[in-house]
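This briefing concerns the structure displayed below. It is arranged by topic for ready reference.

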Amino acid sequence: EADRAPVAIAKVLQRLAAKLAERAAAGSRFMIGDRLCALDIYWAAFAGMIAPLSEDRCPMPDYLRASYGTVEPAVAEAITPELLAHRDFIYDEFLELPVRI
């Protein structure tokens, strides 16, 4: 199971990226509909484990930042700039910054 996990995670990220692109084409900045939903918040929070927010937005010890940012190549490849921009948008507009760990 663990060996297959990176591919499974990459597939989820690809689906999220496709959903986000679909919603953007419809004129929405959100994953579902035209307003903030749980999926937007879940994505923003989860994204920090695979691509942490910058130091000024989420201060943490270097060893911890390194452990969060270390991902398998299949996962790293599936994280699109649009997904990260969506994470940042959700934090900027709806969540408290800086994040305190």
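The structure is a predicted model. I41 counts as partly exposed, because its relative accessibility is 30%, whereas R23 counts as buried, because its relative accessibility is 16%.

**I41 and the surface**
- I41 belongs to helix 2, which covers residues 38-50.
- Together with L36, Y42 and F94, I41 makes a nonpolar surface patch of about 360 Å².

**Packing of helix 2 against helix 5**
- The axes of helix 2 and helix 5 (residues 81-94) are 9 Å apart, and the two helices pack at an angle of about 110 degrees.
- Helix 2 is therefore roughly perpendicular to helix 5, since angles of 65 to 115 degrees are classed in this way.
- On the helix 2 side, the residues that meet helix 5 are D40, I41, W43, A44, A45 and A47.
- Their counterparts in helix 5 are L83, H86, R87, I90 and Y91.

- P52 is located in the loop between helix 2 and helix 3, the latter spanning 62-69.
- Apart from neighbours within four places in sequence, P52 is in contact with A47, M60, R65, Y68, G69 and R87.
- Between P52 and K19 there are 22 Å in space, C-alpha to C-alpha, and a separation of 33 residues in sequence.

**R23 in helix 1**
- R23 lies in helix 1, which comprises residues 5-25.
- With residues up to four places away in sequence not counted, R23 touches S28, F30, M31, I32, G33 and D34.

Definitions and conventions
Residues are numbered from 1 along each chain as its sequence is written. This is a predicted model: local features need pLDDT of at least 70, side-chain atom pairs count only at pLDDT 80 or more; totals for chains, interfaces and linings use all residues. Side-chain values use heavy atoms; hydrogens and water are left out. Patches are made of residues with over 30% relative accessible area and no salt bridge: like charges are joined within 9 Å, nonpolar side chains (Val, Leu, Ile, Met, Phe, Trp, Tyr) within 5 Å. Accessible areas come from the Shrake-Rupley method with a 1.4 Å probe; for residues, only the protein chains shown count as cover. A salt bridge is a side-chain nitrogen of Lys or Arg within 4 Å of a carboxyl oxygen of Asp or Glu. Helices (H or I, at least four residues) and strands (E, at least two) are DSSP runs, numbered from the N terminus. Buried means under 20% relative accessible area, exposed over 50%, partly exposed in between (1.4 Å probe, protein chains only). Axes are lines fitted to C-alpha atoms, for helices over the stretch in contact, and angles run from 0 to 180 degrees between N-to-C directions. Angles under 35 degrees count as roughly parallel, over 145 as roughly antiparallel, 65 to 115 as roughly perpendicular and the rest as oblique. Contact means heavy atoms within 4.5 Å.
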